[in-house]
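Subject: Structure handover

Hello,

My notes follow below it.

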Amino acid sequence: MRTSPEPKRSLSERLTDGPVICAEGYLFELERRGYLQAGAYVPEVVIEHPELVAELHREFVHAGSDVVEAFTYYAHREKLRIVGRENDLERINRQALQIAKDVASEHGSLFAGNICNTNIYDPADAATHKAVRGMFEEQVGWATDANVDFIIGETFSYAAEALIALDVIKKAGKPAVITLAVHREPQTRDGWSVAEACKRMESAGSDVVGLNCIRGPRTMMPLLREIRAAVKGHVAALPVPYRTTDKEPTFQSLTDPNCSCLPGDRPFPVALDPFTCNRFEIAEFGSEAFALGARYLGVCCGAGPHHIRALAEALGRRPPASRYSADMSKHAFLGTDKTLRKVNQNYAPKL
Ligand SMILES: [Zn+2]
């Protein structure tokens, strides 16, 4: 079903008019569903079960995502080396791009390429800077061949690595959305404040700058305020949907004193369930971030379609999935519909 009969508008046109929603978190969701391994986190599912990747893209669009982001996250040379599949590098990238392109064209959605932290960047080793650039060039090249609308460079904890990604994207002539991942210390691993890092990325030509992943809504928001005050252009905010705290501000630092059966010392990454934000918390985040002036909004690792629908509705949208948004007036015990049976409604306090 087409949801957008008008000609497709660009990312910048959409951001000028209002918020743009980008659903992320494909690694976590496909891991939960049993098609991707935590730890390595390589999107092998793109080759092994392309239909499931397409379906997840569709679920997120149905829930309100304006962007279909090709699942090339961690489909880079270093990650494929770890699982012994470097020979599949190009095939995974091209296939992920084609899957996303097909779904985006079904719905008139924006079609985005994706690159991310390489895990080989070392500020003290110039040879790694060259290798990082080479890794970005090959992925950006495949994304450009697929004619993406823009390219997302994300989860960079070194701003200098993000600047290399941005340079490669701009040289390819594509709009760029660059987001940093901020760990416990409220700065990049280069030691720059997030405001300073985003300012530099904006000056270097990034169309959107901001934060994604690692921090939940509560601990990402103070950093977003600093970024909003420091840059002129569009700001991105895509937290993880977990209840991070001032003491444990990232999903990797969360501890769970209520569980004694964890195999390690932390619930990250596969036992974060009890910390998951409910849809109302994500809606609240969306309203606050938009009021702050962040227009490129989404949810990262841990997100489900229900989070994206809540975010879309908080921004005044009514995506196709809103047809099934909760209506408790029809509930047999807790509802208010006049035709419901009193015998059940009277029993409600005992539920
Ligand atoms: Zn993430």
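Predicted model: local features only at pLDDT ≥ 70, side-chain atom pairs only at ≥ 80, totals over all residues.

Residues are numbered from 1 along each chain as its sequence is written, and side-chain values use heavy atoms, with hydrogens and water left out.

Zinc site

Which protein atoms are the donors of the zinc ion? They are the SG atoms of Cys213, Cys300 and Cys301, lying 2.1 to 2.2 Å from the zinc ion. Donors here are N, O and S atoms within 2.8 Å of the metal (3.2 Å for Na, K and Ca); water is not among the atoms, so sites may look incomplete. The spacing of the donor residues in sequence is C-x86-C-C. Cys213 sits in the loop between strand S6 (208-212) and helix H10 (217-230). Cys301 sits in the loop between strand S8 (296-299) and helix H12 (305-314), and the two are 88 residues apart. Helices (H or I, at least four residues) and strands (E, at least two) are DSSP runs, numbered from the N terminus. Cys213 and Cys301 are both buried. Buried means under 20% relative accessible area, exposed over 50%, partly exposed in between (1.4 Å probe, protein chains only).

Strand S6

Five of the five residues of S6 are buried, so S6 is largely enclosed by the rest of the structure. Val208, Gly210 and Asn212 cover one side; Val209 and Leu211 are on the other. S6 pairs in the parallel sense with strand S5 (residues 176-180) over four bridges. It also pairs in the parallel sense with strand S7 (residues 234-238), over five bridges. Two strands pair if DSSP finds at least two bridges between them. Gly210 is the bridge partner of Thr179, and Val235 is that of Val209. S5, helix H9 (residues 194-203) and S6 make a right-handed β-α-β unit. S6, H10 and S7 make a right-handed β-α-β unit too. Right-handed means that, with the strands pointing away from the viewer, the path from the first strand over the helix to the second runs clockwise.

Other cysteines

The whole structure has zero disulfides (pairs of cysteine sulfur atoms within 2.5 Å). Cys198 is buried, at 0% relative accessible area.

Aromatic contacts

There are 11 aromatic pairs. Rings of Phe, Tyr and Trp (its six-membered ring) pair if their centres lie within 6.5 Å; planes under 30 degrees apart count as stacked, over 60 as edge-to-face and the rest as tilted. Tyr121 and Tyr158 form a tilted pair, 4.9 Å centre to centre with 55° between the planes. Both are buried. Phe136 and Phe156 are edge-to-face, at 5.9 Å and 90°. Phe136 is in helix H7 and Phe156 in strand S4, so this pair ties together parts 20 residues apart in sequence. Ring pairs also link Phe28, Tyr41, Tyr242, Phe251 and Phe268 into a cluster.

Two charges sit over rings (NZ of Lys or CZ of Arg within 6 Å of the ring centre and within 35 degrees of the ring normal). Lys79 is over Tyr74, 4.3 Å from the ring centre. Arg200 is over Trp192, at 3.7 Å.

Best regards
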